[in-house]
Amino acid sequence: MKLSLVVPLMNEEENIEPLLQTIAHALVDIEHEIIVVDDGSSDATVAKLKAHAPSNLKLIVFNRNFGQSTAMQAGIDYANGELIATIDGDLQNDPHDIPMMIELLEKEEWDVVAGIRTKRQDGVFLRKIPSKIANWIIRKSTGVYISDYGCTLKLFKKEVAKNLGLYGELHRFIPVLAKLYGAKMTEIPVKHHARVHGVSKYGIGRT
């Protein structure tokens with residue numbers, strides 16, 4: 001298996017069909033599996049996933065909300081790909097960026113390729129400002145300087161992802177954990193889309 005795409009999500013019922021269609025189109029030339037982790041959805045997300053799941057989709061369903069880090073780790077634990085990518089389930093990240101990230105990782109022999117969201121399509125006060133504050137705090141407190149800690153779209157060699165050990169809110173510190181593991185990491189600009197369906201699950205409290 002070339003690639004495992006890990007998608008943690010919660011209450012994204014309206015995004016399920018377009019998400020799966022976009023992934024299929026973006027990764028049509030790459031052998032891949034999709035691992036969707038439902039983090040305690042209370043809407044029809046799980047029913048939609050079961051109704052529209054392609055044959056290469058694995059579905060993990062939590063009985064309650066455990067948080068994005070735990071959901072992401074569960075997906076990584078079940079991944080079989082040589083490479084593991086993580087992406088949000090709200091269609092703000094773009095799966096079409098993944099082939100470009102794979103090419104960069106393999107050509108330049110990186111262990112991790114992290115996305116930098118360009119032209120962010122978020123609200124200023126609830127998303128952009130908290131993100132800037134959080135990025136600054138993490139850089140200053142850890143000494144690991146990357147541009148966008150909040151971008152979920154990342155690509156890893158399997159051995160790096162499998163050794164992250166995510167829990168709590170550690171998904172925000174993935175670049176730090178990767179550096180501690182000894183991974184070679186680079187960044188690349190990726191697309192960022194406005195949310196069309198549903199509402200964000202994160203706000204100023206994350207800072």
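## Chatting through the sheet, the cores and a histidine

Biologist: Quick one to start: which residue in β2 is the bridge partner of P8?

Modeller: That would be V37. Keep in mind that we are looking at a predicted model.

Biologist: Noted. How many bridges join β1 to β2, and do these strands run parallel or antiparallel?

Modeller: Seven bridges link β1 (residues 3-9) with β2 (residues 32-38), and the two strands run parallel.

Biologist: And in what order do the strands of the whole sheet come?

Modeller: The order is β3-β2-β1-β4-β6-β5-β7, seven strands in an open sheet with mixed pairing. At the edges you find β3 (57-61) and β7 (185-190); each has a single partner strand, so one side of each has no neighbour in the sheet. On average, neighbouring strands are turned by 20° against each other, ignoring direction.

Biologist: Thanks! Now the helices. Which strands does α2 lie across?

Modeller: Helix α2 (residues 45-52) lies across β1, β2 and β3, and runs at about 160° to β3. Then there is α7 (residues 174-181), which lies across β5 (112-117), β6 (154-157) and β7, at about 20° to β6.

Biologist: Changing topic: which residues touch the most other members of the largest nonpolar core?

Modeller: L3, L5, V7, L27, I98 and L155, out of 30 residues in that core. β1, α1 (16-26), β2, β4 (83-86), α4 (98-108) and β7 each supply at least two of its residues. There is also a second, separate core of 27 residues, including V6, V37, Y149 and A161.

Biologist: Last one, H171. Where does it lie, and is it buried or exposed?

Modeller: H171 lies in the loop between α6 (158-162) and α7. The relative accessible area of H171 is 8%, so this residue counts as buried, the cut-off being under 20%.

Biologist: What polar contact does the side chain of H171 make?

Modeller: One with the side chain of S69, at 2.6 Å. Not counting residues up to four places away in sequence, H171 touches Q68, S69, M72 and L166.

Notes:
Residues are numbered from 1 along each chain as its sequence is written. This is a predicted model: local features need pLDDT of at least 70, side-chain atom pairs count only at pLDDT 80 or more; totals for chains, interfaces and linings use all residues. Side-chain values use heavy atoms; hydrogens and water are left out. Two strands pair if DSSP finds at least two bridges between them. Helices (H or I, at least four residues) and strands (E, at least two) are DSSP runs, numbered from the N terminus. Axes are lines fitted to C-alpha atoms, for helices over the stretch in contact, and angles run from 0 to 180 degrees between N-to-C directions. Contact means heavy atoms within 4.5 Å. A nonpolar core is a set of buried Ala, Val, Leu, Ile, Met, Phe, Trp, Tyr and Cys residues joined through side-chain atoms within 4.5 Å. Buried means under 20% relative accessible area, exposed over 50%, partly exposed in between (1.4 Å probe, protein chains only). A polar contact is a pair of N or O atoms within 3.5 Å; within protein, one must be able to donate a hydrogen and the other to accept it, and residues adjacent in sequence count only if both atoms are side-chain atoms.
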